[in-house]
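This report goes through a few local features of the structure shown below.

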Amino acid sequence: MAKFLIVEARFYTHLNDLLIEGAKAALDDEGHKYEVITVPGALEIPGAIAMAAETGRYDGFVAIGVVIRGETYHFEVVSNESARGLMALSMDGIAIGNGILTVENEAQALTRARMTEKNKGGEAAKAAIAMLGLRERFA
């Protein structure tokens with residue numbers, strides 16, 4: 001049994017609730033423990049994971065958030081930089097599942113967040129579990 005930290009950027013509450021529901025269900029199905037923390041936005045998720053990883057209290061991480069395209073360039077910055085930050089951490093051997101949705105509109109986000117549809121929260125948790133398994137295999 002491993003312990004995971006779900007790090008969520010709670011901006012769209014109803015969408016995050018769906019993503020977290022999926023992540024928790026996937027972790028429960030595999031018998032893992034987890035905690036959930038909230039950060040201000042998607043850009044803060046990699047930093048929070050880096051800080052938490054340094055404590056050694058968690059075996060893996062699930063990043064949860066929703067970024068919906070707006071009228072400015074900010075969408076690209078948030079989408080690209082949050083993904084880059086998570087990738088950099090994963091290259092350092094941290095087991096992370098990326099469940100940050102980057103979508104054009106709320107309808108796309110709902111389709112990806114619902115457990116009965118794409119269940120990206122659950123998929124992110126499964127990815128974190130898989131990466132933890134690989135890290136343990138290569139240790």
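## An aromatic pair

Tyr 12 has a relative accessibility of 23% and so counts as partly exposed; the classes are buried under 20% relative accessible area, exposed over 50% and partly exposed in between, with a 1.4 Å probe and protein chains only. Phe 11, at 60% relative accessible area, is exposed.

The model is predicted, so local features need pLDDT of at least 70 and side-chain atom pairs count only at pLDDT 80 or more, while totals for chains, interfaces and linings use all residues. Residues are numbered from 1 along each chain as its sequence is written, and side-chain values use heavy atoms, with hydrogens and water left out.

The structure holds two aromatic pairs. One of them joins Phe 11 and Tyr 12 edge-to-face, with 5.0 Å centre to centre and 75 degrees between the planes. Rings of Phe, Tyr and Trp (its six-membered ring) pair if their centres lie within 6.5 Å; planes under 30 degrees apart are stacked, over 60 edge-to-face and the rest tilted.

## Helix 1 and helix 4

Helices are DSSP runs of H or I with at least four residues, numbered from the N terminus. The axes of helix 1 (residues 13–29) and helix 4 (residues 106–113) come within 9 Å and cross at roughly 20 degrees. That makes helix 1 roughly parallel to helix 4, a term for angles under 35 degrees. Axes are lines fitted to C-alpha atoms over the stretch in contact, and angles run from 0 to 180 degrees between N-to-C directions.

On the helix 1 side, the contact (heavy atoms within 4.5 Å) is made by His 14, Leu 15, Leu 18 and Leu 19; on the helix 4 side, by Glu 106, Ala 109, Leu 110, Arg 112 and Ala 113. By class, this contact of helix 1 with helix 4 has six nonpolar, one polar and two charged residues. Ala, Val, Leu, Ile, Met, Phe, Trp, Tyr, Cys and Pro count as nonpolar, Asp, Glu, Lys and Arg as charged, and the others, Gly among them, as polar.

## Ala 109

Ala 109 lies in helix 4 and is buried, at 0% relative accessible area. Neighbours within four places in sequence aside, Ala 109 is in contact with Leu 15, Val 66, Leu 101 and Val 103.

## Asn 119

Asn 119 sits in the loop between helix 4 and helix 5 (120–138). Asn 119 is buried, with 14% relative accessible area. Its phi is near 50 degrees, a positive value in a residue other than glycine.

Definitions and conventions:
Helix = DSSP H or I, 4+ residues; strand = E, 2+ residues; numbered from the N terminus. Parallel < 35°, antiparallel > 145°, perpendicular 65-115°, else oblique.
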